[in-house]
Amino acid sequence: MAHVATPSRLREEFGITFSHQRFKLGYRHSDQELNLKKRMWRAARCTYLAAWKKELMEIRATSEGAYRHLIGIRPKYLTKSRFEFYPKCDALVNNMCESFNSAIVESREKSILTMLEYIRVYLMKRWAENRVLIEKYKDDILPRIKFKLQKEIDASRWWFPVAAKILKFEVIRGRDKFVVDLLKKECTCRKFQMTGLPCPHAASAINCAKDDIRKYVASCYTKASYVACYTP
Ligand SMILES: [Zn+2]
């Protein structure tokens, strides 16, 4: 069936961006707007269901209308707590389209064939450049991923792991608790499975198990996968 971009479909597929704009317009110039926008983003960033529901209830306490607006959008377009695990991506907004758009902006006014030829050459050059760059890179895990991993490791120091059995931990911070299963590479916060990178709870458990955290990074983030992607 053809994909028809009706207003309701657009609202769903661009859930978080649409809601941000809607909140900006609907509650402009008020303290409520600021609070609701912050809460909307906080709710969207929740990686597990209980946190998402808690944030929604807080939004409802401030504005019934804002709450009704949010529950009118299918949650899988709006909150990380419903994201699937296969893509290994927790991005809420699609900046890749923006980047692609800016890369092809020069050619967009030309005829279709000229534009497609421009895109083909652009991609060919970019792939060739990336192949040269990765040859010089010495580590196995890609640089941006190493930076993200370090952030998770830094955040893990606030969590206290308690071994439940071999490679299974309860990780505690105050009244918050998560269960990490290192064998399955899972955490009940869902971030580990969603991103393919150990979350702070998993990083804390891995440290307790005296294991190498790099073993728990998904294979799609390795130099080998990058080379495979850019090899024609
Ligand atoms: Zn976790």
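**Ground rules.** I number residues from 1 along each chain as its sequence is written. Since the model is predicted, local features need pLDDT of at least 70 and side-chain atom pairs count only at pLDDT 80 or more, while totals for chains, interfaces and linings use all residues. I take helices (H or I, at least four residues) and strands (E, at least two) as DSSP runs, numbered from the N terminus.

**The sheet.** I looked up the strand order and found an open sheet of four strands, β1-β2-β3-β4, with antiparallel pairing. Two strands pair if DSSP finds at least two bridges between them. β1 and β4 (186–187) are the edge strands, each pairing on one side only.

**β1 with β2.** I then checked β1 (residues 160–165) against β2 (residues 168–173): five bridges join these antiparallel strands. Val 162 has Glu 170 as its bridge partner, and Ala 163 stands opposite Phe 169. The hairpin has two residues between the strands, and Leu 167 takes a positive phi near 65 degrees there.

**β2 with β3.** Next I followed β2 to β3 (residues 176–181), an antiparallel pair joined by six bridges. Val 171 is partnered with Phe 178, and Ile 172 with Lys 177. This hairpin also has two residues between its strands, with Gly 174 at a positive phi near 60 degrees.

**A helix across the sheet.** I found α10 (residues 200–208) lying across β1, β2, β3 and β4, at about 120 degrees to β2. Contact here means C-beta atoms, placed from the backbone, within 7 Å. Axes are lines fitted to C-alpha atoms, for helices over the stretch in contact, and angles run from 0 to 180 degrees between N-to-C directions.

**Helix α7.** Last, I looked at α7 (residues 112–136), whose 25 residues reach 37 Å from first C-alpha to last, close to the 36 Å expected at 1.5 Å a residue. The expected span is 1.5 Å times one less than the number of residues. How many of the 25 residues of α7 are buried? The number is zero, so α7 lies largely in the open. Buried means 20 or more other C-beta atoms (placed from the backbone) within 10 Å of a residue's own.

Key: A residue is buried if 20 or more other C-beta atoms lie within 10 Å of its own, exposed if 12 or fewer, and partly exposed in between; C-beta atoms are placed from the backbone. Two residues are in contact if their C-beta atoms, placed from the backbone, lie within 7 Å.
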